[in-house]
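Please open the structure in a viewer and keep the selection tool at hand.

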Amino acid sequence: GPRGSTLFPATTRFRSMLVEQLESGPPYNRRVAATALGFTASEHALSPLLNALSDPDQDVVNNALVGLSVLADPTTPLQGILHQMRFGSSEKIRGNAAMALHICLQRGSPSTPEVVEAARSGLHDNAPYVRTKSALILAHERDVESIGDLALQLYDDDLDSAAMAASRAIAWLGDKEVHFKGQ
């Protein structure tokens with residue numbers, strides 16, 4: 001593809017078949033195609049994956065989020081990912097949306113005010129993985145107003161990676177936003 005060589009040339013060769021299966025294949029094929037399209041490293045995979053975020057099959061939605069994470073396209077519009085992060089039907093979907101959002105932001109996708117809103121909301125999600133990624137997103141966005149909420153994550157009942165991520169986020173914010181270092 002135009003982004004250089006890919007690790008999976010066979011997948012790239014079959015990109016059009018994958019798009020066709022994602023859009024009109026039987027459920028199993030749609031689920032597989034949603035993930036596989038991410039490995040094509042092709043800008044032609046982005047639009048079909050974004051469209052798949054509104055598929056009625058929740059496994060297709062979940063796998064499309066994984067595909068978007070693997071694709072990691074810096075031009076990815078974030079609205080569909082943000083919607084799934086906040087309102088996804090399962091912890092798995094919300095977690096994969098949070099992962100996709102974090103990766104896309106790191107790769108240079110343009111942020112919006114909704115990113116911080118979704119990450120602040122994600123700090124209170126039932127899923128530890130969503131809380132973890134939300135803390136890292138807030139650090140990436142330099143959201144110093146969330147330091148108090150991040151500090152509460154240090155006492156996360158699950159004593160999981162959410163507390164570790166909150167600790168890293170607070171330290172990173174203190175380092176990057178020097179006037180908030182004391183907090």
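**The whole chain**

Begin with the surface of the protein chain: its accessible area comes to about 9,100 Å², and carbon and sulfur atoms hold 55% of that. Accessible areas are computed by the Shrake-Rupley method with a 1.4 Å probe, and for residues only the protein chains shown count as cover. The model is predicted, so local features need pLDDT of at least 70 and side-chain atom pairs count only at pLDDT 80 or more, while totals for chains, interfaces and linings use all residues. Residues are numbered from 1 along each chain as its sequence is written, and side-chain values use heavy atoms, with hydrogens and water left out.

Next, colour the chain by secondary structure. The protein chain has 11 helices and zero strands; helices (H or I, at least four residues) and strands (E, at least two) are DSSP runs, numbered from the N terminus. Of the 183 residues in the chain, 50% are buried, where buried means under 20% relative accessible area, exposed over 50%, and partly exposed in between (1.4 Å probe, protein chains only). Among contacts with a separation of 6 or more, 64% join residues 24 or more positions apart; contact means heavy atoms within 4.5 Å.

**Confidence**

Now colour by pLDDT, the predictor's confidence in each residue, from 0 to 100. The mean for the protein chain is 83, and 73% of its residues reach 70 or more. Which helix has the lowest mean pLDDT, and which the highest? Helix H1 (residues 9–13) has the lowest, at 55, and helix H4 (residues 46–52) the highest, at 98. Select residues 1–5 as well: pLDDT stays under 50 there, and the model has eight contacts beyond four places in sequence for this stretch.

Select Arg30, which lies in helix H3. Arg30 has a relative accessible area of 12% and is therefore buried. Beyond its neighbours within four places in sequence, Arg30 is in contact with Gln21, Leu22, Gly25, Asp55, Asp57 and Val60.

Move on to Pro48 in helix H4. Pro48 is also a buried residue, with a relative accessible area of 8%. Not counting residues up to four places away in sequence, Pro48 touches Val19, Leu22, Glu23 and Leu37. The C-alpha atoms of Pro48 and Leu18 are 9.7 Å apart, although the two are 30 residues apart in sequence.

**Two alanines in loops**

Most residues other than glycine have a negative phi. Select Ala41, in the loop between helix H3 (27–36) and H4; Ala41 has a positive phi of about 55°. Ala41 counts as partly exposed because its relative accessibility is 21%.

Then select Ala72, in the loop between helix H5 (58–71) and helix H6 (79–87). Ala72 has a positive phi of about 50°. Is Ala72 buried or exposed? Ala72 is buried, at a relative accessible area of 5%.

**A helix pair**

Finally, select helix H7 (residues 91–107) and helix H9 (residues 128–140), whose axes come within 9 Å and cross at roughly 20°. Axes are lines fitted to C-alpha atoms, for helices over the stretch in contact, and angles run from 0 to 180 degrees between N-to-C directions. H7 and H9 are therefore roughly parallel to each other, a term for angles under 35 degrees. To view the contact, show residues including Ala98, Met99 and Leu105 of H7 and Val130, Leu136 and Ile137 of H9.

Terms used
Parallel < 35°, antiparallel > 145°, perpendicular 65-115°, else oblique.
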